[in-house]
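Subject: Structure handover

Hello,

Here is the structure I promised to pass on. Please open it first, then read the notes below.

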Amino acid sequence: WRIDELLDATLDRSLMKACKKAIRLYCEGLAGKTDGELMSCLKQHKNDQGVSSQCKKKLEGFQEVEEKDKGFDYKLQKACKEEGQALCQDAKSRSDVLNCFADHFRNKKTRSSISVPCKDVLKIALLEMNENIKHDSGFFSACRDDSQKLCAGIEPGEGKIIECLRKQGTEGKLSAKCMKLLEEKEELEMNDPEVDYALQRSCSTAIATTCKRVKPAALLECLIKNKPLLDDIICQRLLTERQIEAGEDFRLDSYLRESCLKDIPKFCRDIPLKGTEMIKCLKEKFDTHKPLTPSCSKAIQQRERQVMDNPRLDAALYHACKSEEVLKECSEGGMNGDFLSCLKSFWLEKKKVKKVKDIASTKCVKELSRIMREGVADVHNDPLLFQQCALDLHKYCADVPFGSGKSRPDREG
């Protein structure tokens with residue numbers, strides 16, 4: 001590859017021949033431009049319908065060369081020249097440059113120093129890098145053994161190996177060096193869904209329709225909020241995976257973190273952001289009626305309701321009870337939004353013939369008790385009760401805010 005061919009892809013006849021149909025479908029009008037737009041367009045669409053295997057192979061060959069030498073990405077160099085010299089001067093490969101910028105993207109202070117044109121080009125470049133683990137040399141090297149062991153048989157590309165590693169990460173199966181870099185990648189993507197390749201590809205229809213008017217930072221929460229209404233099961237499954245990841249690490253729950261920004265230093269100052277401890281702390285303050293901000297209270301209630309739809313979203317509950325009979329029996333009911341009712345029925349039936357210590361482990365019982373407390377704090381968390389008492393709630397409790405047990409009709413005469 002020569003630089004002039006990268007800027008004007010029409011100079012490479014074999015590429016033009018292999019990608020003729022792809023250009024006609026997705027990049028019409030860009031042929032002949034000498035600013036790299038045609039090549040950029042082809043890379044963005046290489047996994048789309050109608051792109052031949054020969055075209056895809058040629059583009060991947062280009063990306064391999066591009067990864068080794070940052071000088072081959074003309075658009076990135078042009079748009080981010082000043083920022084690159086100031087922030088990422090020592091980076092050698094293209095992925096080194098992108099990961100350097102990603103570090104600054106995660107930092108709000110340095111993120112503001114990156115110009116809008118540079119951010120726009122970076123987001124496209126980061127999206128391309130997250131499409132194939134091989135396009136990120138540092139991450140690929142750190143996670144090579146993990147991917148060979150845990151993701152055997154999965155071909156690189158379309159974000160598949162990275163998604164496999166993310167699933168293994170929530171189960172605690174990754175090596176420390178791989179997990180560290182994966183967490184950095186997840187944190188960036190959760191806070192900026194525009195660079196989440198799997199999300200952008202799997203939920204493209206919902207992004208273009210249901211959530212087309214929301215700001216990029218609010219995209220993931222919009223999709224999660226509308227998940228039950230989506231008719232795309234692949235998108236729904238991916239969103240559930242993102243919810244599970246957020247439940248495992250507070251840093252990945254951008255909605256809850258932003259909603260509770262003022263509450264954290266007041267009530268949970270010394271609690272680490274990483275892991276589940278911060279989520280636990282905020283829930284405890286909410287359940288004990290601490291004066292949390294309205295935005296934080298609303299976000300916690302929303303997360304608790306989501307757990308009642310799918311208990312796997314509560315990391316503490318899952319890890320304490322994943323091998324217990326109760327979670328196995330009620331998880332299916334939970335996926336249908338009736339987890340709490342199943343849990344209460346199971347508990348009452350077992351207590352008739354067993355002691356509490358024989359129903360489940362002490363750790364699991366503690367988490368089950370917490371879940372049931374959270375369930376009675378908000379009538380929305382109990383689908384059967386809410387359904388049966390909907391008219392009474394509207395008639396007698398219309399002015400009572402939900403949460404803290406105040407609107408439960410079984411609590412007052």
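Predicted model: local features only at pLDDT ≥ 70, side-chain atom pairs only at ≥ 80, totals over all residues.

The link of Cys-19 and Cys-55 is right-handed, at 105° about the S-S bond. Cys-19 sits in the loop between helix 2 (13–18) and helix 3 (20–26), and Cys-55 belongs to helix 5 (residues 53–68), so the bond ties together parts 36 residues apart in sequence.

The structure holds 11 disulfides. Two others are worth a look.

Cys-268 and Cys-281 form a disulfide, also listed with sulfur atoms 2.0 Å apart. Its S-S torsion is about -95°, so this disulfide is left-handed. Cys-268 is in the loop between helix 20 (264–267) and helix 21 (277–287), while Cys-281 is in helix 21, 13 residues apart. Cys-268 counts as buried, at 1% relative accessibility. Cys-281 counts as buried too, at 8%.

Cys-321 is joined to Cys-364 by a disulfide, S to S 2.1 Å. With 115° about the S-S bond, the link of Cys-321 and Cys-364 is right-handed. Cys-321 lies in helix 23 and Cys-364 in helix 27, so the pair ties together parts 43 residues apart in sequence. Cys-321 and Cys-364 are buried.

Cys-321 leads on to the packing. The largest nonpolar core has 23 residues. Those that touch the most other members are Leu-317, Cys-321, Phe-339, Leu-343, Leu-368 and Ile-371. At least two residues of this core come from each of helix 22 (294–309), helix 23 (315–321), helix 24 (325–335), helix 25 (339–353) and helix 27 (362–377). Another core, of 19 residues, lies apart from it; Leu-98, Cys-100, Leu-126 and Met-129 are among its members.

Now the charges. The count comes to 34 salt bridges.

Glu-158 forms one of them with Arg-201, with 3.8 Å between the closest N and O atoms. Glu-158 is in the loop between helix 12 (144–150) and helix 13 (160–170); Arg-201 is in helix 15 (residues 197–202), 43 residues apart. Glu-158 is partly exposed, with a relative accessible area of 28%. Arg-201 counts as partly exposed, at 32% relative accessibility.

Which residue forms a salt bridge with Arg-166? Glu-189 does, and the closest N and O atoms are 2.4 Å apart. Arg-166 is in helix 13 and Glu-189 in helix 14, 23 residues apart. Arg-166 counts as buried, at 1% relative accessibility. Glu-189 is buried, with a relative accessible area of 3%.

Asp-196 and Arg-242 also meet in a salt bridge, at 2.9 Å, N to O. Asp-196 lies in the loop between helix 14 and helix 15, and Arg-242 in helix 18 (residues 233–248), so the pair ties together parts 46 residues apart in sequence. Asp-196 counts as buried, at 2% relative accessibility. Arg-242 is buried, with a relative accessible area of 1%.

These buried charges join up. A network of salt bridges links Glu-163, Arg-166, Glu-186, Glu-189, Asp-196, Arg-242 and Glu-245.

Last, helix 14. At 1.5 Å a residue, its 16 residues (176–191) should span 22 Å; the end C-alpha atoms are 23 Å apart, which agrees. Its buried residues include Lys-185, Glu-186, Glu-187 and Glu-189, along with Leu-182, Leu-188 and Met-190.

Best wishes

Notes. Residues numbered from 1 in each chain as written. Heavy atoms only, no water. Helix = DSSP H or I, 4+ residues; strand = E, 2+ residues; numbered from the N terminus. Expected span 1.5 Å × (residues − 1). Buried < 20%, exposed > 50% of the residue type's maximum accessible area, 1.4 Å probe, protein only. Core = buried A, V, L, I, M, F, W, Y, C linked by side-chain atoms within 4.5 Å. Disulfide = S-S within 2.5 Å. Salt bridge = Lys/Arg side-chain N within 4 Å of Asp/Glu carboxyl O.
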